[in-house]
Amino acid sequence: MNITRRLITAGLAAVGAGAALTVGASVDPAPAHAYDYYGALALSPSTGATGRAWDYPSESQAANAAQGACGYTDCRVVTTFVNGCGAIASSPSYWGYGRAPDLWTAQSYALSAAGGGYIYDWVCTSGHS
Amino acid sequence: MHRPNRLVAAVVALGAAAALSLTACSSDDSGEKAPASSDPAASELLTKAADSTEALKGAHITVTVNGDLPGMNATSVVADVNTDPVSGSGEATLNMGGTEAKAPFVYLDDRLYANVQDKGWIDYGDGRSIYDASKVLDPEAGVPAILRSLEGAQEAGKEDVDGVSATKVTGTVPASKVAGLTGATGKSATEATEALDTTVWVTDDNQVAKVEVAPAAETTVTVTLSDWNKTVEVSKPDDVETPKATPTTSAPADQPTREKAPN
């Protein structure tokens, strides 16, 4: 997937189809030498809503996109990552967050942080699974 | 309603909603699109189909996404689901960082267990990050809800769906009614009122055969139902894991790795 495509996809993920296209179109393409793709997960503890963003050219853009996709007033970015995956785990006592180059490890870290439980949500950037 | 019924209903509703949205808009004096009035025969058919879907004991379902849909990690799902109690098993195809990965799954006792890329079975809670198959037949979040919220319903002829004769109905559905099928949980999806083009195919027995919704530009979600009232045996995988590897590096100060969950 080329960077333009990824940007559009990320935009879509962040704010929904229509708005996503607008966001994607407004982001300048990453420099040719940059191959780092950033992702983020946002969580609204009160509603359980999540927002995902992936394949953005910067951490701040990924965080903003995830926050926007989540949408609720108490949404906050709980993990960001570059060239990898992020995961949220839920246990009766804790929300746990993990990030790693692959999904299995990110999930493991999240479950470890939560003290067990289950995987609540996850997302990976291109080329990582 | 039981969870299985909700799944069937959700699928039906999705199809119906999508169908309506495809054709049911007109312009009012302000230039804004307003739902066209529904054809009585089409509305009656949708009601019967929604009732039939809510009454299903089980079904074979497929979900296919064409285009980009950020709220879904899955690009396709094939499953057999029961409604009383809600359970099911199947396989999801996931978009994993630009490549496809298979994820067999089991849904049982309000938990979805999946084995992504054959790396081991993990508990995914309600399954939102794989695909919450329990929503497809859900009366309030799935196909039935879509059928009952379809505006501007119009019959658009008959077509065969997988060899079964079905009446095609088009119209629009509020975007929030589709969130259950797409898995989107963000405010923009769950509270959206935008009218989405929707098409539903209803068999001569008033069963929903297919629902197609366009939740985004150049993106469609298609749900099919078959083997209506078929039930399947579902059991929890024997080897569900809870991997707990510990990271070797510290997380940034502004991103703690855990937070207290509300009681």
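Me: Is Asp162(B) buried or exposed?
Reply: Asp162(B) is exposed, because it has 12 other C-beta atoms within 10 Å, and 12 or fewer counts as exposed. Keep in mind that this is a predicted model.

Me: Where is Asp162(B) found in chain B?
Reply: Asp162(B) is in the loop between strand S9 (151-161) and S10.

Me: And what is its phi, for Asp162(B)?
Reply: Phi of Asp162(B) is near 50°. That is a positive value in a residue other than glycine.

Me: What about Glu218(B), what is its phi?
Reply: Glu218(B) has a positive phi too, near 60°, and is not a glycine. Glu218(B) sits in the loop between strand S12 (208-216) and strand S13 (219-226) of chain B.

Me: Buried or exposed, that Glu218(B)?
Reply: Exposed, because Glu218(B) has 10 other C-beta atoms within 10 Å.

Me: Prolines next. Which strand holds Pro174(B)?
Reply: Pro174(B) lies in strand S10 of chain B, residues 164-174.

Me: Why does Pro174(B) count as buried?
Reply: Because Pro174(B) has 21 C-beta neighbours inside 10 Å, and the cut-off for buried is 20 or more.

Me: Which residues does Pro174(B) touch, leaving out those up to four places away in sequence?
Reply: Pro174(B) touches Ser149(B), Thr193(B) and Ala195(B). Glu194(B) is worth a look as well: Pro174(B) and Glu194(B) are 20 residues apart in sequence, but 5.5 Å apart in space, C-alpha to C-alpha.

Me: Which peptide bond is cis, the one to Pro85(B) from what residue?
Reply: The bond from Asp84(B) to Pro85(B) is cis, with omega near -5°. Pro85(B) is in the loop between strand S4 (74-83) and strand S5 (86-96) of chain B.

Me: New topic, chain A. How many helices and strands are there in chain A?
Reply: Chain A has four helices and six strands. Along the sequence the pattern is α-α-β-β-α-β-β-β-α-β.

Me: How much of chain A do buried residues make up?
Reply: Of the 129 residues in chain A, 67% are buried. As for contacts in chain A between residues at least 6 apart in sequence, 50% join residues at least 24 apart.

Me: How many residues of chain A are in contact with chain B?
Reply: 53 residues of chain A are in contact with 38 residues of chain B.

Me: Which element of chain A gives the most to that side?
Reply: H4(A) does, with ten residues on the side of chain A that touches chain B.

Me: How do the residues on that side of chain A divide?
Reply: The side of chain A that touches chain B has 29 nonpolar, 22 polar and two charged residues.

Me: What joins S5(A) to strand S15 of chain B?
Reply: Three bridges join them, and the two strands run antiparallel. In S15(B), Gly96(A) has Arg258(B) as its bridge partner.

Me: What is the order of strands in the open sheet?
Reply: The open sheet has four strands, in the order S6(A)-S4(A)-S5(A)-S15(B), with antiparallel pairing. The edge strands are S6 of chain A and S15 of chain B, and each pairs on one side only. From one strand to the next, the twist averages 15°.

Me: What packs on the sheet?
Reply: H4(A) packs on the sheet. H4(A) touches S4, S5 and S6 of chain A together with S15 of chain B. The direction of H4(A) makes about 150° with that of S5(A).

Me: Which residues touch the most other members in the largest nonpolar core?
Reply: The largest nonpolar core has 106 residues. Among those that touch the most other members are Ala110(A), Ile88(A) and Leu46(B). H4(A) gives the most to this core, with seven residues.

Me: What does Ala110(A) touch, not counting residues up to four places away in sequence?
Reply: Ala110(A) touches several residues, including Ile88(A), Gly96(A), Tyr97(A) and Ile119(A).

Me: Last thing, confidence. What pLDDT does chain B average?
Reply: Chain B averages a pLDDT of 85, and 85% of the residues score at least 70. Over residues 1-32 of chain B, pLDDT stays under 50.

Me: What ipTM and pTM does the predictor give the complex?
Reply: The complex gets an ipTM of 0.78 and a pTM of 0.80.

Terms used:
Residues numbered from 1 in each chain as written. Chains lettered and ligands numbered in written order. Predicted model: local features only at pLDDT ≥ 70, side-chain atom pairs only at ≥ 80, totals over all residues. Contact = placed C-beta atoms within 7 Å. Nonpolar A, V, L, I, M, F, W, Y, C, P; charged D, E, K, R; others polar. Pairing = 2+ DSSP bridges. Core = buried A, V, L, I, M, F, W, Y, C linked by C-beta atoms within 7 Å. Axes fitted to C-alpha atoms, helices over the stretch in contact; angles between N-to-C directions. pLDDT = per-residue confidence, 0-100.
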